[in-house]
Amino acid sequence: MPNHHFPIQYDVALSSITEHLYDISLFIESPQPQGQVLSLPAWIPGSYMIRDFAKHLVKLAAFDYAGNSLTVSKSDKQTWLVEPTSGAITIKYQVYAYDLSVRGAYINDQYGFFNGSNLFLQVQEQTNLPCSLCVKDAAQLFSNYRVSTTMRQLPRQADVNANFYHAQNYAELIDHPVLMGDFDCLPFKIADIDCELVLAGGHQSNMQRIVDDLSQVCMEHIKLFGSPAPINRYIFMTLLTDSAYGGLEHRASTALMYARNELPDFNEPVIPSEAYRNFLSLCSHEFFHTWHVKRIRPLELVNGSLAAECYTEQLWIYEGFTSYYDDLLVQRSKVISTENYLSVVAQNLTRLQRNIGRFKQSVTASSFDAWTKFYKQDESAINNIVSYYNKGAIVAMCLDLAIKLASRQQYNLDSVMQFLWLHHGQTATPTPKTIIHDIVRQHLRLDLTDYFDLDLAIYSTEDLPVESLLNQFGIAVHYRTKTDNNDKGGNPATKAIKNDFGAQFKALDTGIELTQISENSAASEAGLMAGDHLIAIGSWQISAQNIYRLIEQLNEKQLIPIYVLRDKRLLQLTFTIRLAPVDTIYLTIENPEQLTKWLSS
């Protein structure tokens with residue numbers, strides 16, 4: 001153990017790459033006299049699903065100050081009791097780390113990564129005590145070894161081959177992910193914040209281009225919330241793979257996953273590609289959480305526990321508003337054009353329009369049921385649930401436009417966010433579920449009745465008044481059918497499909513596998529099911545490339561046999577040709593002057 005004196009001390013050593021193991025030692029100076037209870041979180045803040053991190057813990061043992069073994073009994077899946085003893089105790093255990101995700105712990109031949117919620121046992125009744133972390137040097141396992149984390153560093157001791165850090169309490173300890181091994185790091189500034197772009201997993205990207213654009217985008221966050229920012233250091237910690245997407249917010253960093261080949265190379269055009277724009281929006285989303293989620297927080301999560309689910313209706317405010325601002329602030333930074341931004345908005349509108357579940361689940365119900373529905377989606381999700389990210393963002397857009405109209409441009413959604421930061425983020429006062437209503441009515445003193453019914457928007461399943469609100473800001477909303485299964489909307493099309501298929505699918509060597517069936521579609525009417533292998537229409541073999549072309553050749557109401565393998569059985573079903581739904585949206589600017597009243601901050 002280090003010489004730095006802390007009542008709770010953790011040592012972490014990456015002991016095996018091939019076996020994916022971390023060795024952890026936990027020193028407790030003053031264990032509880034009746035026996036010390038230890039537990040591991042069941043979930044990680046920001047990801048609302050029970051993960052049962054304790055399933056990866058192996059070989060736990062406890063010792064007194066003299067090195068004698070102590071009895072440890074397990075009381076449930078994630079809780080242990082160490083027998084009473086006088087003096088300090090040490091707990092030694094291992095954690096298996098092969099979960100390549102932003103919420104997990106992972107070891108491969110390039111790097112080791114972990115979130116504290118995966119590794120660090122919680123010392124019950126002592127979670128508010130300061131603690132230290134010693135990350136043992138693993139230079140012998142990696143070339144160009146180093147450690148990246150925003151946890152506050154302690155002086156390195158000359159006689160100990162390790163890095164030392166400290167946290168005020170357990171909550172802070174687990175809110176700084178750690179990356180060790182071989183990775184690229186490029187420092188840059190956002191206002192007076194010392195930032196780093198960290199890329200692990202191998203790449204050929206133009207890191208300077210990324211940090212130049214990121215600094216512009218994130219300056220818009222500072223302008224929105226005001227200086228000084230609540231942090232003086234921030235890391236964009238990015239794990240790269242062939243195909244991945246995700247992010248998880250922390251108090252002074254974010255853990256990201258992204259496809260390495262979708263980052264900009266040295267030939268990236270001035271106008272960002274869609275893939276690169278999505279990366280900037282992802283970074284923008286997680287950076288926004290520095291204020292909105294990490295410091296402005298919902299009451300239910302503040303009062304909750306990491307041992308079990310914490311239910312809240314407010315995720316539409318926290319993830320939905322953030323999803324609105326992530327793209328909007330990229331647009332404000334001028335990294336993307338107004339036309340490009342409107343294409344993104346139209347893609348989000350298209351996603352909601354195609355989501356039949358919007359008629360069955362409200363955005364507040366989606367928030368509350370995140371633990372069991374949004375984070376545990378199956379093939380029925382498109383028909384039965386709505387995303388609090390997607391619909392929450394569109395509610396935020398409608399609210400922004402309605403506030404501008406009702407206040408005659410005096411206020412906007414920025415005014416709401418600034419109130420939240422001043423009166424809830426800076427004061428650490430949790431928000432009740434009525435917070436947005438309260439701010440609009442009591443602080444802004446606005447009546448939105450003529451423009452937008454917020455209660456109807458969040459507690460019912462009625463469609464939002466998107467078209468009427470956008471029209472008042474010089475934007476026309478257009479609808480068309482999609483061009484193919486990859487069409488996300490956002491732009492007009494020279495040729496779109498005329499006939500409906502009604503299913504999502506993936507390619508097979510022979511035919512296609514159906515992954516989702518939309519309700520009341522041609523596929524549903526034909527009796528197709530998720531998991532079916534569709535191999536032929538009429539006398540023609542199907543592939544992912546020709547499915548739409550084959551259907552397009554047929555006429556409305558025409559009946560045609562289709563051939564399906566279902567659980568090794570060959571079935572012949574009848575497919576009735578139906579017109580494709582007009583569910584793909586794009587926007588056009590009809591009045592540029594009116595549009596500036598929306599997009600000007």
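**Aromatic pairs and a helix in a predicted model**

Ring pairs join Phe-188, Phe-225, Tyr-234, Phe-236, Phe-287, Phe-288, Trp-291, Tyr-324, Tyr-325 and Trp-421 into a cluster. Rings of Phe, Tyr and Trp (its six-membered ring) pair if their centres lie within 6.5 Å, with planes under 30 degrees apart counted as stacked, over 60 as edge-to-face and the rest as tilted. The model is predicted: local features need pLDDT of at least 70 and side-chain atom pairs count only at pLDDT 80 or more, while totals for chains, interfaces and linings use all residues. Residues are numbered from 1 along each chain as its sequence is written, and side-chain values use heavy atoms, with hydrogens and water left out.

The structure holds 34 aromatic pairs. One of them is the tilted pair of Phe-225 and Phe-288, at 5.2 Å centre to centre and 55° between the planes. Phe-225 lies in helix α3 (residues 207-225) and Phe-288 in helix α4 (residues 274-288), so this contact ties together parts 63 residues apart in sequence. Helices here are DSSP runs (H or I, at least four residues), numbered from the N terminus. Both Phe-225 and Phe-288 are buried, that is, under 20% relative accessible area with a 1.4 Å probe and protein chains only.

Phe-374 and Tyr-388 also form a tilted pair, with 4.8 Å between centres and 45° between the planes. Phe-374 is buried at a relative accessible area of 16%, and Tyr-388 is buried at 0%.

Turning to helix α7, residues 338-353 span 22 Å from first C-alpha to last, close to the 22 Å expected at 1.5 Å a residue. Buried residues in α7 include Tyr-341, Leu-342, Val-345 and Leu-349.

Definitions and conventions:
Helices (H or I, at least four residues) and strands (E, at least two) are DSSP runs, numbered from the N terminus. Buried means under 20% relative accessible area, exposed over 50%, partly exposed in between (1.4 Å probe, protein chains only). The expected span of a helix is 1.5 Å times one less than its number of residues.
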